[in-house]
Amino acid sequence: MPDVTNFTYKLDGRVIATNDAIISGREVRTIGGLNPASGYILIQIADGSTRSIGLEEPTDLRQMPQPEFLSFEGNRTFSLTVNERGWEWGAAKLSAADIYRYASIDEELELILDSAGDAVIPADGEVTLGGQGVERIRSREAKTVVIKVNGRPRTVPKKKLSYREVALLAYPDADFEKFKYTITYLKGVHGAEGDLVEGEKIEVKNGILQCPPI
């Protein structure tokens with residue numbers, strides 16, 4: 001009778017099956033084709049944090065629905081905190097997208113790098129690790145959002161924008177006495193779309209509002 005595969009885990013996005021409930025860091029690497037196993041850092045994602053897994057360190061696959069691992073070629077790990085939770089990473093660069101994803105942070109929040117004087121990490125940006133001390137990253141309610149007007153990104157306060165405020169983003173010298181500007185918006189908050197007219201305001205969401213040419 002053939003063996004029945006009872007357990008799975010993810011490695012670099014691939015689902016891998018095994019018959020073993022307890023699997024070592026070395027086995028995770030070699031089964032996933034990472035050879036030699038000692039040439040790779042293995043990072044486990046769990047409960048909004050990350051940690052490195054040694055070659056002989058066991059992982060009990062029964063402890064979570066589907067354990068997830070990431071591999072990095074090399075032999076150095078980098079330590080940091082995300083919302084005061086300990087993280088380890090296997091590369092000197094960490095993208096904001098990975099922080100949002102693996103820390104389960106709502107994309108409506110913005111990421112702040114404490115060691116850079118509370119600098120905002122752009123949603124499409126990254127953090128360089130390996131400096132002095134441990135990098136500390138935290139999330140908070142966004143004070144600004146990035147929207148697109150006439151195809152160009154614009155950073156604006158996170159508040160409701162009026163018809164005139166949006167028009168001025170496209171045309172800083174707009175003359176509202178002589179001209180009427182047509183503003184059509186797409187992909188607004190809760191999927192809103194339509195026309196914005198004089199006297200109205202629209203709630204904006206980071207990276208969502210798209211205003212075709214006015």
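Colleague: What makes the five strands an open sheet, and in which order do they lie?

Modeller: This is a predicted model, mind you. The order is 2-1-7-4-5, with mixed pairing. Strand 2 (14-18) and strand 5 (49-52) sit at the edges with a single partner strand each, so one side of each has no neighbour in the sheet. From one strand to the next, the twist averages 30°.

Colleague: How do you know that strand 4 and strand 7 pair?

Modeller: Pairing takes at least two bridges between the strands. Strand 4 (residues 40-46) and strand 7 (residues 68-73) are joined by six, and they run antiparallel. So they count as paired by that rule. One spot to look at is Leu-42, whose bridge partner in strand 7 is Ser-71.

Colleague: Why is the set around Leu-80 and Trp-87 called a nonpolar core?

Modeller: Because the term covers buried residues such as Leu, Val, Ile and Trp, joined through side-chain atoms within 4.5 Å. The largest such core has 23 residues, and Leu-80, Val-82, Trp-87, Trp-89, Ile-99, Leu-111 and Ile-137 have the most contacts inside it.

Colleague: Which element gives this core its largest share?

Modeller: Helix 2, with four residues. Other elements giving two or more include strand 8 (78-82), strand 9 (85-89) and strand 11 (109-113).

Colleague: What does Ile-137 touch?

Modeller: Leaving out residues up to four places away in sequence, its contacts include Leu-80, Val-82, Ile-99, Leu-111, Ile-121 and Val-127.

Colleague: And where does Val-156 belong?

Modeller: To a second, separate core of 18 residues, which also includes Leu-169, Ala-170 and Ile-183.

Note on methods:
Residues are numbered from 1 along each chain as its sequence is written. This is a predicted model: local features need pLDDT of at least 70, side-chain atom pairs count only at pLDDT 80 or more; totals for chains, interfaces and linings use all residues. Side-chain values use heavy atoms; hydrogens and water are left out. Axes are lines fitted to C-alpha atoms, for helices over the stretch in contact, and angles run from 0 to 180 degrees between N-to-C directions. Buried means under 20% relative accessible area, exposed over 50%, partly exposed in between (1.4 Å probe, protein chains only). Contact means heavy atoms within 4.5 Å.
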